[in-house]
Amino acid sequence: MSQRVIDIYEASITKKYRARLWSRFIKAIKEYELIKPGDKICVCISGGKDSMILAKLFQVLHRHSDFPFEVEYLVMNPGYNQKNFDMIKTNLNKLGIPAKIYETNIFKVASLQEKSPCFLCAKMRRGALYNFAKELGCNKIALGHHYDDVIETTLMNMLHSGSFQTMRPKLHSTNYEGMELIRPMYYIREKDIISYKNYHELEFIQCACHFTENIVNKEIVSQRAETKQLIKDLMKKDPQVEKNIFKSASNVTLDMILGYKKDGVYHSFLDDYDKEIKK
């Protein structure tokens with residue numbers, strides 16, 4: 001792809017989509033201190049719209065940043081079919097993303113597991129990403145989760161897991177010392193990612209998982225689709241629903257909950273209940 005076309009993709013990020021993509025990308029990075037001078041960040045590209053556009057955002061940031069940091073772009077092939085893999089490579093070339101491609105047999109290995117192949121696949125992919133990132137000398141991994149992923153995951157945990165958990169903008173790895181996971185698209189809306197994609201007439205792979213026929217995976221996909229629809233329905237009555245779900249994760253009143261977990265240890269409100277009356 002010509003440099004002129006690549007420049008057009010990048011220019012629209014800071015011009016036409018400045019408020020919807022670029023500004024929100026920068027806001028998350030600054031507000032949550034996602035990038036620090038001297039970081040070497042591995043941008044993980046699955047081939048979908050979110051991770052591909054995340055890579056473009058990082059390219060623009062790296063070119064114009066006022067502090068030094070390094071970036072590596074990584075595509076891990078867990079065993080995509082040839083059509084999907086070809087589309088990923090075509091898009092990397094079209095968008096001018098210099099990604100390193102690592103081959104694995106994760107889909108094949110996970111398919112041998114009769115129970116919970118999706119869990120095994122996710123675990124293996126996560127481990128492989130961290131290993132490849134460390135090989136590249138990176139200390140941070142950037143993923144393309146966006147605002148809608150955050151609110152949907154928060155609500156799904158409440159409705160289907162009976163727990164209040166959200167996606168944090170950054171996490172320290174518990175298994176890979178010195179590694180950190182960051183989510184710089186934390187404030188970016190999915191509709192704006194789709195708008196950018198459509199504006200440039202780009203096509204990306206959808207779900208490329210080999211286990212989409214597996215009943216467990218179908219249930220998970222169905223749950224997320226149902227949660228998306230539920231939020232849309234609630235928004236018709238209260239336009240603040242999305243903002244309130246997102247805000248709730250940083251507005252927890254510990255005095256008014258029944259219990260919480262910290263470092264794997266459960267704490268009940270009863271632990272300090274009788275002490276409250278003595279205050």
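Helix α4 (residues 82-95) lies across β2 and β3, running at about 165° to β3. Contact here means heavy atoms within 4.5 Å, axes are lines fitted to C-alpha atoms, for helices over the stretch in contact, with angles from 0 to 180 degrees between N-to-C directions, and elements are DSSP runs numbered from the N terminus (helices H or I, at least four residues; strands E, at least two). The model is predicted: local features need pLDDT of at least 70 and side-chain atom pairs pLDDT 80 or more, while totals for chains, interfaces and linings use all residues. Residues are numbered from 1 along each chain as its sequence is written, and side-chain values use heavy atoms, without hydrogens and water.

The strands β3-β2-β1-β4-β6-β5 form, in that order, an open sheet with mixed pairing; two strands pair if DSSP finds at least two bridges between them. Because β3 (100-103) and β5 (170-172) stand at the edges with a single partner strand each, one side of each has no neighbour in the sheet. Neighbouring strands of this sheet are turned by 25° against each other on average, direction ignored.

Helix α3 (residues 49-64) lies across β1 (40-44), β2 (70-77), β4 (140-142) and β6, at about 160° to β2.

Turning to the second largest pocket, its lining comprises 15 residues, with Leu 254, Asp 255, Phe 269, Asp 272 and Glu 276 nearest its centre. A pocket is an open set of points on a 1 Å grid over the protein atoms alone, where a 1.4 Å probe fits, with protein on both sides within 12 Å along at least five of seven lines; lining residues have an atom within 4 Å of a point. β7 (259-262), β8 (265-268) and α11 (273-276) each supply at least two residues of this lining.
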